[in-house]
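This report looks at a pocket and at the helix packing beside it. Please keep the sequence and the structure in view while reading.

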Amino acid sequence: MANASEPVIRVEGVQKSFGANHVLRGVDFEVMPGEVVTIIGASGSGKSTLLRCINLLETPDAGHVWFHGEDLAAEHVNVNRLRESIGMVFQGFNLFNNMNVMENCVLAPVTLKKCSRAEAEERARKHLAEVGLLDFAQAPVVKLSGGQKQRVAIARALCMEPEIMLFDEPTSALDPEIVGEVLNVMRDLAAGGMTMVVVTHEMAFAKNVSDKVVFMDKGVIAEASSPAEMFSNPKLPRTREFLSRYLDDPRAVEGEE
């Protein structure tokens, strides 16, 4: 299905309003196979709404989202089937608190992908091991720390064997001392070639892990470039203003995590 020369995701002219609040004002960008794209910007710039539009958790008012050349908004497209290939990790974990870790991981593969229970459990053990939580497979979710919950959420998404992973500020609800354990898992995924779109305030991750950094401002992509270009030579005054802390003190980026 994948073609290395064609984008996995292509967003074209996407607009989204909530009442009188025009959140996205015509967004265009694309994500290539194996690419890690980070989206940065001030709160309210439209970052999370754009991410939610990519897998139609929010329906764009105008524009298109193409996944492997198929328009997710087209009437004939089976959105749920395509969405199975798009993993999503939320700020607030969104785990089922009445289940243990293993049950959270096997539910979707068994019910949506019709995996056997044995196959789903084998897949879950593999991905729980990757995030360092295999020993917690039978643990109740409510007993886990925030960092452990977020790592379970990543493993759960990987159990669907997605082609692309979307992360919506995955560390913003975590205590600072455990942010690193989640970022390390995300780094490993990137190193393994996973296609990723990450909305984040973690500038060290954006600089050191991503292939492309997208700066959003007031509902549009104001600037997009390589991390080296974005952090050393942003073109727009608004980008420089947002990044001023990191431009003035490179140690704020290097040592932030």
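## The largest pocket

The largest pocket holds about 520 Å³ of space, the volume being that filled by probe spheres set on grid points joined across faces, edges and corners. On a 1 Å grid over the protein atoms alone, a pocket is an open set of points where a 1.4 Å probe fits, with protein on both sides within 12 Å along at least five of seven lines, and lining residues have an atom within 4 Å of a point.

Its lining comprises 18 residues, with Met88, Ala108, Leu112, Arg156 and Met160 nearest the centre. At least two lining residues come from each of α2 (79-83), β6 (86-89), α3 and α5, where helices (H or I, at least four residues) and strands (E, at least two) are DSSP runs numbered from the N terminus.

## Helix α3 against α5

The axes of α3 (residues 101-111) and α5 (residues 146-158) come within 8 Å and cross at roughly 25°; axes are lines fitted to C-alpha atoms, for helices over the stretch in contact, with angles from 0 to 180 degrees between N-to-C directions. That crossing makes α3 roughly parallel to α5, a term for angles under 35 degrees. Val101, Asn104 and Cys105 of α3 meet Val152, Ala155 and Arg156 of α5, contact meaning heavy atoms within 4.5 Å.

## Basis of the model

This is a predicted model, in which local features need pLDDT of at least 70 and side-chain atom pairs count only at pLDDT 80 or more, while totals for chains, interfaces and linings use all residues. Residues are numbered from 1 along each chain as its sequence is written, and side-chain values use heavy atoms, leaving out hydrogens and water.

Terms used: Parallel < 35°, antiparallel > 145°, perpendicular 65-115°, else oblique.
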